[in-house]
Amino acid sequence: MTLLEVVDVRKAFPGVRALDDVSFTLRAGQVHALVGENGAGKSTLIKVLTGVYQPDGGEVRYRDEQVTFATPMDAQRAGISTIYQEVNLIPLMSVAHNLFLGREPRNRFGLLDEDRMNREASEILLRYGVTTDVRRQLGTLALGAQQMVALARAVMIDAKVVIMDEPTSSLEPREVETLFGVIRHLHAQGIGIIYVSHRLDELYQICDAVTILRDGKVVHTGTLAGLERIRLVSLMLGRDMAEVRREGATAFSGEMTGDVHAAPVLRVIDLNSRRKLHDISFDVRPGEVVGLGGLLGAGRSETIKAIGGAYPLDGGDVQVDGKDLKRPTTVAAVKAGIAIQPEDRKAEGIVAGLSVRENIALAVLPRMSKLGIVSDSRIDAIVQKYMTRLRIKASSPNQLVGDLSGGNQQKVLLARLLATAPKVLLLDEPTRGIDVGAKAEVQSLIDELASEGLGVVLVSSDAEELIEGADRVVVLRDGVVVGTLTGTEVTTEDLLETIASAAPEKNSPAPEDQYEH
Amino acid sequence: MTQGIMSDPEAPAAVVAADVRRAERTDRIVGRIQRQGALAVLVAVVIIAAIAFPNFRSFDNTATILVAAAPPMLIALGMTFVIITGGIDLSVGSLYVLGGVVSAYASQWGLLPAFLAPLAVCGVIGVANGLLIAYTRMAPFIVTLAALLGARGLMRAISDEGSTTYLVKNSTFRTFGSGSFLGIGYPVWLVAVIVLIGIVMLSRTRFGRAAYAVGGNQDAASLMGVPVRRTQIWVYVISGLLAGLAGGINAAKLGSGVTVLGTGMELDAIAAVVIGGTLLTGGAGTIAGTIAGVLLLGVIQNMINQVGNLNSSYQQVISGAFLAVVVVAQTYLARMRRVT
Amino acid sequence: MSTEAVATRPAIDMARIRAWLPAYGVYAAIALLVLYNIAFTPNFLAWSNVRIQLIQVAPIVIVALGMALVIGTEGIDLSVGSVMALAAALIPLYLGYGVVAAIAVSLIAGAAVGVVNGTLVAKVGLQPIVATLALFVGGRGLALVISGGQLKDVRNPDLLFLGSGDLVGLPVLVWTAAALVLIIAFVVRRTVFGRRLLAIGGNRASSELAGLPVRRVLITVYIVCSVLASIAGILAVARIQSSDASAVGLLIELSAITAVVVGGTPLTGGKVRVLGTVAGALLMQLVIATMIKHNLRPSTTEMVQAVIILIAVYVARERKTR
């Protein structure tokens, strides 16, 4: 049975055709993958389906009737629910209130029945593996648990269609399994699921159909089983299949660049932070790329930030070129030659409202000035240098960074780091959320910088990127270094094994066991 | 598929962090301090005052404090609603004065007009505030700032540039303002009833939950189907109505619509709400806290009056200091809660 | 292709107008108002009138400059009026030690308020509106306590010269304001401090990670704002020839914020329009003057001001990005 049908939908924004005659069909009980690069139109399509945007043309048919949703509430009432990328709940409200917001049980006076609500919330969440006190503030829960609350909420309102926008991006593997269990359960109930993800493994594990978007157009739609992985990727990228095969998944050369005998440029000694980091120690030699491996919440980002002076420490030492950092502040770290690229580019990286020029020069203003007065010619020189070197595509140095594509924003950020002439680069997910072309450029840049003698610390949740990019991988778990992979050990298998062996945990049942009914 | 992973006994452990118990306990304790800190301080101050000033203990003095606190209480109540949605209403001071003038003027037509006229006028300005904030995405701070000017202009326009003071003509209305029941002034009873209604509305109705949701995360609230705009409009209407009513009560008490009071009322109200533990960022707060905050400021004022020859300017200095201490403490408490 | 181009053109023009209006609308409004007054208001261009207008707008401009810097960091400073009162209250106390000493004490008091505001915002992490609210409430109280709540006449000729003297045909007051405008404009455009301020207003977290001394810059901004308010307070005393802590700078925070906002500086930070701020203050002054000249009552003026604020913010409000 066809549940949801999109026919020739168009949507344009000033300067962009976000959706260009897009059509696709979701059947009941189907788990339908929606894939495409950033900017392909996935988010726009989802927003059209959920009433955030109105289409400029074409129609949306839901349960054989043409529908227009004026607001997300309309769509929800009709039975179309969405789980967004970032958990979209109210962190300051209790778990139960979040679950029941807008449909709280009421007593005969029309007032909220808190007891009943809390009781029911506990019962419902138990089925999603969440056993916490439902009166707690939602924001104090782990991300995975928050996401389960969001999902429980969506299912609770009698959804016929559930749209999941990168639901696993912040989950740990075991939480992903719980999520997949829930998805299979929904699938069995005849609920249609639109599943948006960049992780191919997950798609093949959980989805039966796929629609591929590129530049606002549907380039392929059909069953997933018959579609070869490499073909899926090439359809997404619009590149030749042979090219994808030849270039491999990443642009790293895979060569070792570090000099094993050189004195370390960065020494991290016994970093400790209340409950998050415990005695983290490792060295980075000039020219070496040291990967930080581990699962989400293992303390990778915290370690990076702690080294850069942006995370409160209870103890520990950071040395650059054998010298202690005077104070654990970002100012001291930058002065000592540490440059940090944070995970969240928009929130902590670029200054969107300033120009490319101002962004690149931001950290080196004192050097570009005399007596506190800046010299524009000096800034122009350095901006020109890095825009050329990193191939930053902007209409001019005066274009606002917020108007650039994700990849170019990332390059501007890297240019700002490089302008400080750092000795150590701390990169936290440098290729997340940028298109494939820019990804390759950033990866080869990392290689190049290392070969010039920089020490690089690389955090990536993309195992291939970590393995191919790093000379050595320090594996973290729960804020503790549980192993270091060197030389020939730097392989995906060894990485997973180190993470797994350190886990004293029982095995969760293999996914196949559950849905072969 | 009768049994998914959902019934797997191992799964819950995966989702719930290990040190959940401790986190829950800290969360509870800190949450309690945040919510009831103002009450504790109020009790402490009252005890100190009772020991230090014999006159403070008298029933009459308590009644005086309560009567004086009645109009600010109403304004702070409305402000609590607004701040919980993440907004702010700077216009209430002007609306309070406007309400007083309108009420005194309308009292010539009887008791009911004396109550209803300020409600109508200030309610309409509240609607305008709400509409502008909800539909144009302008900052509440600036919209209500404009309303502050506008309402003040309107008040001066109907009072010959502030030179005419309308006397309350209706004697029943005057009795309402100055009379008392069981030794406590009528305004206090009225305000008590309204505050109770406010508490029920905020904590036990969907509208109240919606207010928290809008303040907690507006985008999420809208995606969760909360009627964001309607909620926003209503809180400004409530705030406007209560400020108007407060003005009316004050007019009844004074017997005239005074045109010079009210400058800074909005900031006193904000101070009381913040001292009461409501986060200015929205999404959290209680009316109980606001009551404590208003009474705390009232008691301090009363203590300063008791000292006698102490300049009344000290009131402002102490209020300011209190405000600073409380918000700093709030910030650290909130931070503690976030870390765990 | 050609139909598409035709279809998109109006949208682009609208976008251009919407981008132009918040930035230059204030100048256009001033031009219109000036033309109107030249045509319909007798003696509008008379030097005496221009002079009065400039003297009246000068203190607002000075306070608004500081406010613009604070708003550029995504902050707000409600305490400026209280700082003016504090400065005014201190002047007569220390005038016995000479004008320089009295001014110095007032400026130091202003700087101290700035340190408190800045510390609460930058180190404790309070929202600026709350942080400065404390001193808004307490500051004027303190000023009243210091002055004993009394109005004091000031007769020191040196000080009075600042308020009513002339220099090369222009009042000293106006020269001071003009000089401060130039200094602040230079600071915003050409100095490391100015650029850091804008970056911090644009994105505080990333400025911190880029190694900028965020706290120092923020505290400095609040100090500058308070010192400018002190200057305005001193000049106010010099002009009215008396110190009245209960009246000096009353509600000036509203005028200053209005000038900044009408001048096109967004409340969301990351941008400071110094000349726009001056123009904003001038526009409001012109509006009031025009209405007074046409015998409109102050109450009407206030309501018109309210409408102008709303229009300015409406035009400048951030458009929802896709």
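Biologist: Over which residues of chain A does pLDDT stay under 50?

Modeller: Good place to begin, since this is a predicted model. In chain A, pLDDT stays under 50 over residues 503-517. For that stretch the model has 16 contacts beyond four places in sequence. Chain A as a whole averages a pLDDT of 82, and 88% of its residues score at least 70.

Biologist: Let's move to chain B. How many helices and strands does chain B have?

Modeller: There are 14 helices and 2 strands in chain B. Of its 340 residues, 55% count as buried. Now take the contacts in chain B with a separation of 6 or more: 79% of them come from residues 24 or more positions apart.

Biologist: At what angle do helix α5 and helix α6 of chain B pack?

Modeller: Helix α5 (residues 111-136) and helix α6 (residues 140-158) of chain B pack at about 150°, and their axes are 9 Å apart. An angle over 145 degrees counts as roughly antiparallel, so that is how α5(B) runs relative to α6(B). Their crossing is right-handed.

Biologist: Which residues of α5(B) and α6(B) meet?

Modeller: An α-helix has 3.6 residues a turn, so residues three or four places apart point the same way. Look for that spacing as you read the names. From α5(B) come Ile125(B), Ala128(B), Asn129(B), Leu132(B) and Ile133(B). They meet Pro140(B), Val143(B), Thr144(B), Ala147(B) and Ala151(B) of α6(B). By class, this contact has 8 nonpolar, 2 polar and no charged residues.

Biologist: How many residues does the contact between chain A and chain C take from each?

Modeller: Interfaces can be described in several ways. Their size is often given as the accessible area lost when the parts come together. Here we can count residues instead: 29 from chain A and 22 from chain C. On the side of chain A that touches chain C, the elements giving two or more residues are α11 (330-336), α12 (345-349) and β18 (373-374). The largest share, 5 residues, comes from α11(A). This side of chain A divides into 19 nonpolar, 6 polar and 4 charged residues.

Biologist: Which residue of chain A has a positive phi although it is not a glycine?

Modeller: Arg391(A) has a positive phi of about 50°. You will find Arg391(A) in the loop between α14 (376-389) and α15 (406-419) of chain A. Arg391(A) is exposed, having 11 other C-beta atoms within 10 Å.

Glu74(C) sits in the loop between α2 (47-72) and α3 (80-94) of chain C. With 18 C-beta neighbours inside 10 Å, Glu74(C) counts as partly exposed.

Biologist: Is helix α11 of chain C largely enclosed or open?

Modeller: To judge that, count its buried residues. In helix α11 (residues 252-262) of chain C, 10 of the 11 residues are buried, so the helix is largely enclosed by the rest of the structure. Among the buried ones are Ile252(C), Glu253(C), Ala256(C) and Val262(C). Just after α11(C), Gly264(C) takes a positive phi of about 95°.

Biologist: How many residues apart along the chain are Val34(C) and Leu283(C)?

Modeller: They are 249 residues apart along the chain, yet their C-alpha atoms are separated by 9.5 Å. Val34(C) lies in helix α1 (residues 2-40) of chain C. Val34(C) is partly exposed, with 16 other C-beta atoms within 10 Å.

Technical notes
Residues are numbered from 1 along each chain as its sequence is written. Chains are lettered from A and ligands numbered from 1 in the order in which they are written. This is a predicted model: local features need pLDDT of at least 70, side-chain atom pairs count only at pLDDT 80 or more; totals for chains, interfaces and linings use all residues. Axes are lines fitted to C-alpha atoms, for helices over the stretch in contact, and angles run from 0 to 180 degrees between N-to-C directions. Helices (H or I, at least four residues) and strands (E, at least two) are DSSP runs, numbered from the N terminus. Angles under 35 degrees count as roughly parallel, over 145 as roughly antiparallel, 65 to 115 as roughly perpendicular and the rest as oblique. A crossing is left-handed if the near helix is turned anticlockwise from the far one by less than a right angle, and right-handed if clockwise. Two residues are in contact if their C-beta atoms, placed from the backbone, lie within 7 Å. Ala, Val, Leu, Ile, Met, Phe, Trp, Tyr, Cys and Pro count as nonpolar, Asp, Glu, Lys and Arg as charged, and the others, Gly among them, as polar. pLDDT is the predictor's confidence in each residue, from 0 to 100. A residue is buried if 20 or more other C-beta atoms lie within 10 Å of its own, exposed if 12 or fewer, and partly exposed in between; C-beta atoms are placed from the backbone.
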